[in-house]
Amino acid sequence: CDELKCSLGRSIMDVDEQLRKTRISFRSKNRPQNPHIIDVTDETKFDANITLSNPDNTDTRINIFSDIIGVDYLPREHVDTFNRNENLLLINGPTGSGKTIILQAKLIQWVKSSEQNRALLFIPTETESESYSLQRYQESLSKTKISNVVLTRTDLGIKITRIDGSDNELFYEDQLVEKIVSCLEDHQVVIVMLGKHTERWFAQIISCNKRKEIMVFIDDWQAVPDWRQIEDLQWSYCRSISEFAKEGRVWIACDFMQMNRLFGNRISNKEARPLTMVHECFLNNITILSLNLRNTVDIADILSKIRKQIIAVIPETKMWTIADEFFPALQPGHYIHGPKIVVHVIEKKVDRYDLMVEIMNNELEKLSNAGLSQVGKVGILYPNYPEEDNATAAHAVERIVRQRNFSEMVCARAIDFIHSAEYPAVIVIGRPEYLDFLYRAISRARVYCVVILRPELVQRQGTEERQQPPTKKKKERPSENFLADEIVAGVKMIRHE
């Protein structure tokens with residue numbers, strides 16, 4: 001076998017290029033062409049072209065998807081979504097289903113369709129360095145010569161006050177809205193990075209920019225509001241969007257499965273109220289994307305199984321009546337395979353921390369030798385909570401990076417700080433029962449993923465059974481655990497005993 005063609009690095013690079021360009025309709029020896037896939041340059045199917053003016057006063061006709069975003073093919077459901085003309089549209093879909101691609105293309109189409117048109121884009125991160133999606137938007141805006149400006153909390157002068165040590169935040173700045181209005185006069189696109197839990201200011205911003213030539217885009221909406229806040233605030237937030245859409249336009253992309261604290265057996269009727277409220281506001285304006293385009297078939301298959309487990313343990317609350325719309329199933333959207341997910345389960349009683357460091361070091365050494373440092377960073381992801389897990393993982397990563405000089409190759413972050421990031425390869429450090437974290441972290445790996453399950457809470461299935469009190473028999477639901485048989489069957493397991 002030719003080492004150049006068969007190496008891990010070459011495999012990751014080749015597969016990653018196919019995924020990034022969504023080359024998902026190619027025929028293979030054993031399969032017909034992927035059904036329901038459209039060549040984005042085929043104008044008989046749909047028109048995604050715009051005109052750019054050149055310095056010599058000539059015009060160039062280009063395709064938004066292929067020439068600007070770098071996408072060659074799209075499933076029919078994505079094309080149909082792009083072609084919709086509603087003033088208000090909520091695009092809900094699993095991680096990696098191409099929601100940001102649709103928003104990018106629609107934003108460019110909108111701004112380029114008229115010199116008077118403006119766009120207001122909200123991204124739920126506080127700093128430019130934390131936002132992968134911001135980079136993607138800025139690259140496409142630069143290619144299309146669309147003037148834009150990025151406003152962060154620092155730019156807007158927002159002050160944050162914590163009251164009595166609570167999680168509530170109060171924002172106050174009289175010039176906030178005025179500054180955004182002024183920027184919309186000078187730029188075609190204003191990108192606002194207010195971060196999380198800014199629903200009060202969001203409502204004020206869009207209510208003061210209610211004009212038919214302004215279109216609002218919200219990416220990763222599930223991370224913007226504090227869904228635990230009082231219902232009156234959330235209702236006002238949703239209503240402000242609906243009111244704006246009567247004159248302007250609002251397109252929103254989200255994956256409700258990624259909403260913290262609304263997963264599994266922790267959701268009750270009271271906690272489900274924000275989602276039923278959203279359903280009332282967007283009743284006829286929700287579209288579903290179900291096909292995964294970001295990850296290989298092998299990773300998408302595991303994500304689909306994790307997603308099913310999370311949905312299966314939701315108690316029979318009011319959410320069940322709208323579960324299909326808010327938690328749609330994830331399906332592989334192509335035939336592009338890659339390496340299986342490698343899962344290290346540490347079961348040693350001693351030297352557990354050192355073993356975790358050794359596993360990470362070996363994986364990074366392997367990826368470095370394979371040339372990954374030349375094509376993109378390797379993500380190392382760990383949970384924000386509990387603090388012990390966060391601190392232990394962060395310390396281990398710092399130790400490896402410092403000793404082996406992997407700083408140029410590694411991007412290590414807690415999961416809540418990377419809403420939109422994705423990498424050719426990812427190393428995940430977590431616990432088997434934290435399916436919501438594992439779902440989000442694994443989804444960030446386009447081709448290669450290694451999962452290290454922390455030793456302190458790892459248990460073999462069936463080694464311990466809970467004693468149930470003598471109550472009436474309830475409908476059995478599967479346990480919420482990454483080591484479930486249906487998931488383990490699709491990965492490469494390595495146990496360290």
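Trainee: At what angle do the axes of helix α14 and helix α15 cross?

Mentor: Roughly 50°, and the axes come within 10 Å. Helix α14 covers residues 352-369 and helix α15 covers residues 387-404. Axes are lines fitted to C-alpha atoms, for helices over the stretch in contact, and angles run from 0 to 180 degrees between N-to-C directions. Helices (H or I, at least four residues) and strands (E, at least two) are DSSP runs, numbered from the N terminus.

Trainee: What should I know about the model itself?

Mentor: This is a predicted model, where local features need pLDDT of at least 70, side-chain atom pairs count only at pLDDT 80 or more, and totals for chains, interfaces and linings use all residues. Residues are numbered from 1 along each chain as its sequence is written, and side-chain values use heavy atoms, with hydrogens and water left out.

Trainee: Back to the helices. Is the crossing of α14 and α15 left-handed or right-handed?

Mentor: Right-handed: α14 passes α15 that way.

Trainee: Which residues of α14 and α15 make the contact?

Mentor: From α14, Tyr353, Asp354, Met356, Val357, Met360, Asn361, Leu364 and Glu365. From α15, Thr392, His395, Ala396, Val397, Arg399, Ile400 and Arg404. Contact means heavy atoms within 4.5 Å.

Trainee: New topic. What is the strand order in the open sheet of six strands?

Mentor: The order is β18-β17-β19-β20-β16-β21, with parallel pairing. Two strands pair if DSSP finds at least two bridges between them.

Trainee: Which are the edge strands?

Mentor: β18 (410-414) and β21 (492-496), each pairing on one side only. Neighbouring strands of this sheet are turned by 20° against each other on average, direction ignored.

Trainee: How many bridges join β16 to β20?

Mentor: Four, between residues 342-346 of β16 and residues 445-453 of β20. His344 stands opposite Ile452 in β20. Val345 has Leu453 as its bridge partner in β20.

Trainee: And how many join β19 to β20?

Mentor: Seven, and these strands run parallel. There, Val428 has Val451 of β20 as its bridge partner.

Trainee: Which strands does α14 lie across?

Mentor: β16, β17 (378-382), β18, β19 (423-430), β20 and β21. α14 runs at about 160° to β20.

Trainee: Now the sheet of seven strands. What is its order?

Mentor: This open sheet reads β7-β10-β6-β11-β12-β5-β13, with parallel pairing. β7 (148-152) and β13 (286-288) stand at the edges, each with a single partner strand, so one side of each has no neighbour in the sheet. The twist averages 15° from one strand to the next.

Trainee: How many bridges pair β5 with β13?

Mentor: Three, in the parallel sense, with β5 at residues 88-92. Ile91 has Thr287 of β13 as its bridge partner. Helix α6 (residues 132-143) packs on the sheet and touches β6, β7 and β10 (189-193). The direction of α6 makes about 170° with that of β10.

Trainee: Last one. Where is Asn117?

Mentor: In the loop between α5 (99-112) and β6 (118-122). Asn117 counts as buried because its relative accessibility is 7%. Asn117 touches Trp110, Val111, Gln188 and Glu213, not counting residues up to four places away in sequence.

Technical notes
Left-handed = near helix turned anticlockwise from the far one by under 90°. Buried < 20%, exposed > 50% of the residue type's maximum accessible area, 1.4 Å probe, protein only.
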